[in-house]
Amino acid sequence: MDFSEYRDISTRRHFFRYCAGGIDTAALAVLAASQFKAIAAPVPANPLAARASHFEPSAKNVIFLLMAGAPSQIDLYDPKPALQRWHGQPLPESMTQDLSLAFVKPSAKVLASPRVFRHHGESGTEFSDYIPHIASRADDICLVRSMHTEAFNHHPGQSLLMSGSTQLGRPTLGSWVSYGMGSESESLPAFVVLSSGRGSSGGSSNWSNGFLDSTYQGVVFRNSGEPILYLENPPGVSERTQRARLDAIRKLNQERHALTADSEIASRIQSYELAFRMQAAAPELLDFTGESQSTLDMYGVGKEPTHPYATNCLLARRMVEKGVRFVMLVHASWDDHQEIDRKLGNNCAITDQPAGALLRDLKQRGLLDSTLVVWGGEFGRTPMGQLERVDEAAGRDHHAKCFSVWMAGGGVRGGQVVGKTDELGLGIEEHPVHVHDLQATILHALGLDHERLTYRHMGRDFRLTDVGGTVISQALA
């Protein structure tokens, strides 16, 4: 027996096929009806084909504005005038003994917010003077002030927010949505990621497919130059040559898939084909010549400091128009442990106008009703200040017990506030909303039951919300 003959019988299937004279025909026919039936499965025509939801959805698309680093709710969304009475003083131990803090001690002195809050819209919801453009959409926004989480450090916090677990390797929200619903676009990914600012602590784990097929992973787009690195053909390679090359690779992959039934091979085949279609579609997204000047000015495209985030917000609108199911905009970092008033102001100057324009633009185009927009970070900030050096202004530490997020469009009832924190922003008094509840609500808006959207891996069924999650019924129209 030479090496090639040994290689041919080195797997169980090859042994039955070549050494057992056809016994595989009978044996595998039985097995195919049970746990091995996936072996005979053909390469799926399109794993991202649009699929029916569990029930009638109120939204078709999601734009998730991830403010990585944890913005201060006390300075933006949840006014706490009572902190003025405690400013510069430590709180009693009875108030702080149950806090989980990353850096400061419970005896740290209170830092009252210098921001001015005003009522906006017919709803009268209060917003900080740092976010006037978002505040102008008050009647479209459902503001949740009673969010809470278990994770009080950034990477675990972002992981819990995006994947439902602090453990790495789980599929993220965009991947679950792509897996559950597919895509309405044949030339763009179902799940797209756009980033600005500094890199987030969670990095690519925020858009990982985890143990789902790689088809469902978030695809990172750049907002200038080549949208996706290495997407364009190198000089001298024509579209015809590229097509012939892909056809040859596809045949090889199909042969391998026939032997192994490996779903990752099927995903690879589809990824090659999608990339080929994207070579024409993706560059068109960055061509803003068809946009009016008033639209570009509304977002803040072409001016500083808004341009990078404005471009991403405009791209997000253009993507949902073209059927992209889930668009994630990551802006980092809001991790203001010192000089919080100045640094928070800088980030708001970058993101507020584009985010407000996104809501306005979606609404005037009739897209807000079918697009769910979510804004939030991984946790909140403490009412106590943090002073790292005596020559620096104070910041705020991580606070997992209460923070704020907002949702708009896609079946959400705007112009309301859900939940209430105590007068100092230490804990929640009314309607606590866990991260899993937010995830369940997002899936519900898309017509997906978070308890039924599961994937079997390593002998058990996994879901985004783990073993928890309750839909925030008050938030829905």
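**Notebook: surface, a buried strand and aromatic pairs**

I began with the surface: the chain exposes about 21,100 Å², of which carbon and sulfur atoms supply 51% (Shrake-Rupley method, 1.4 Å probe; for residues, only the protein chains shown count as cover). I note that the model is predicted, that local features need pLDDT of at least 70 and side-chain atom pairs pLDDT 80 or more, while totals for chains, interfaces and linings use all residues. Residues are numbered from 1 along each chain as its sequence is written, and side-chain values use heavy atoms, without hydrogens and water.

I looked up the overall make-up next. The chain has 15 helices and 17 strands (DSSP runs of H or I, at least four residues, and of E, at least two, numbered from the N terminus). Buried residues account for 52% of the 477 residues (buried is under 20% relative accessible area, exposed over 50%, partly exposed in between, with a 1.4 Å probe and protein chains only).

I then turned to strand E8. In E8 (residues 371-376), 6 of the 6 residues are buried, so the strand is largely enclosed by the rest of the structure. Thr371, Val373 and Trp375 point one way, and Leu372, Val374 and Gly376 the other. E8 pairs with strand E1 (residues 61-68) in the parallel sense over 6 bridges (pairing requires at least two DSSP bridges). With strand E11 (residues 403-408), E8 pairs in the antiparallel sense over 3 bridges. I followed Trp375 across both: Leu65 is its bridge partner on one side, and Trp406 in E11 stands opposite Trp375.

I went on to the aromatic rings. The structure holds 10 aromatic pairs (Phe, Tyr and Trp rings, the six-membered one for Trp, with centres within 6.5 Å; planes under 30 degrees apart are stacked, over 60 edge-to-face, the rest tilted). Tyr77 and Phe127 have ring centres 5.9 Å apart and planes at 80°, so this pair is edge-to-face. The two residues are 50 residues apart, with Phe127 in strand E3 (residues 125-128). Tyr77 is buried at 1% relative accessible area, and Phe127 is buried at 1%.

I compared a second pair. Phe211 and Tyr455 have ring centres 5.8 Å apart and planes at 20°, so they are stacked. This pair spans 244 residues, with Tyr455 in strand E16 (residues 455-457). Phe211 is buried at 14%, whereas Tyr455 is partly exposed at 22%.
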